[in-house]
Amino acid sequence: MNPPDRAQHRDGRLNRRDVIKIAAGLGAVAATSTQTALAQSKAVLKASDVQPPGYPTVVATENLGKKLAEATKGRLSVQMFPSMQLGGEKETIEQTQIGAIQMLRVSAGSIGPIVDDINVVNMPFLFKHMAHAERMMDGPIGQELLDKITASPNAGLVALCWMNSGARSLYNTKRAIKTIADIKGLKFRVIGNPIFIDMMNALGGNGVAMGYDQVFSALQTGVIDGAENNPPSYVFSNHYTAAKHFSLTEHLIVPEVLVFSKRAWSALSADDQTLIKKLAREAQMEERGLWNTYEQQAMDKAKAAGCEIIEIADKTPFQNAVKPVWDKYGPKYQDMIGRIQSA
């Protein structure tokens, strides 16, 4: 039987990847239609997220849409497509660039390969803790980095705001990781960004670039031994049912970014643009509160399911191991790294 991601189902129905390709192929038509609608009258903005309903980024974006509809008396509204309905992060970034999707929540890890300046926040152990990352997001450095996304001629995106995504840690199907030696030889999924692949290899594992939509089945089938992500992603994408060992390495604090299609943005009036930016800032703060509650719920659920939660008392060996990553990538971001670390 042909793999399901490469052919139609036998009953003639298109699978999800086929649908994504068709959506991308019709993107120019959809973008033109959206631009016309935005410029003239009532329009429904398509928003995408790989996470499921109830996830903080999904809820905050949905609430942004409700406020937008109220403020414009229904002229502009948002329809959310969660749970990777429109594709993984790579596919939905491409659809947003051509205007087929208008609003997208995406990891800064996936933006880094498109806008290199953003890779500064993807450096391992850059932030001391979440409060440090939040100071960056809320302050002038955060706005400066958002502006770099918007100004990038290759991105085709308007960066609206940051959102919390907690700290990323390692989880796997094989064994408890208590020391750096325990990582050796294990295959870990990472976001498709060279920094993350090099980071995982430096830690002693094998970094495997893979779309988020493929992780659960890859854990189940043994294609990978583990992955690295925050507690809510670990639990509410069901990864915890396959990978029972969760080690709190907290090696990355990678923020999320809410972006808008630049093609669709150009069709909005200046007043609408100002309104959406204001509502996005409110969504940034709302999502943070939702995140703190959701993260605790995820940890409680993992523990109740019998997952082994391993505290890492001394992270120094992990920090020392990624020095080659800092030596390779750090110099180009030296000034910004200094500003962030002193924030």
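Let's start with helix H3 (residues 56-71) and helix H12 (residues 270-304), whose axes come within 8 Å and cross at roughly 145°. Axes here are lines fitted to C-alpha atoms, for helices over the stretch in contact, with angles from 0 to 180 degrees between N-to-C directions; helices (H or I, at least four residues) and strands (E, at least two) are DSSP runs numbered from the N terminus. On the H3 side, the contact (heavy atoms within 4.5 Å) includes Pro56, Val59, Leu64 and Leu68, and on the H12 side residues including Leu279, Ala283, Leu290 and Trp291. Sorted by type, the contact has 14 nonpolar, two polar and four charged residues. Nonpolar covers Ala, Val, Leu, Ile, Met, Phe, Trp, Tyr, Cys and Pro, charged covers Asp, Glu, Lys and Arg, and the others, Gly among them, are polar.

Keep in mind that this is a predicted model, where local features need pLDDT of at least 70, side-chain atom pairs count only at pLDDT 80 or more, and totals for chains, interfaces and linings use all residues. Residues are numbered from 1 along each chain as its sequence is written, and side-chain values use heavy atoms, with hydrogens and water left out.

How confident is the predictor? The pLDDT (its confidence in each residue, from 0 to 100) averages 92 over the protein chain, and 88% of the residues score at least 70. Over residues 1-14, though, the pLDDT is below 50, and this stretch has 16 contacts in the model beyond near neighbours in sequence.

Now for another helix pair: the axes of H7 (residues 140-151) and H15 (residues 334-341) come within 10 Å and cross at roughly 145°. Here Ile141, Glu144 and Leu145 of H7 meet Met336, Arg339 and Ile340 of H15. That contact divides into four nonpolar, no polar and two charged residues.

Methods: pLDDT = per-residue confidence, 0-100.
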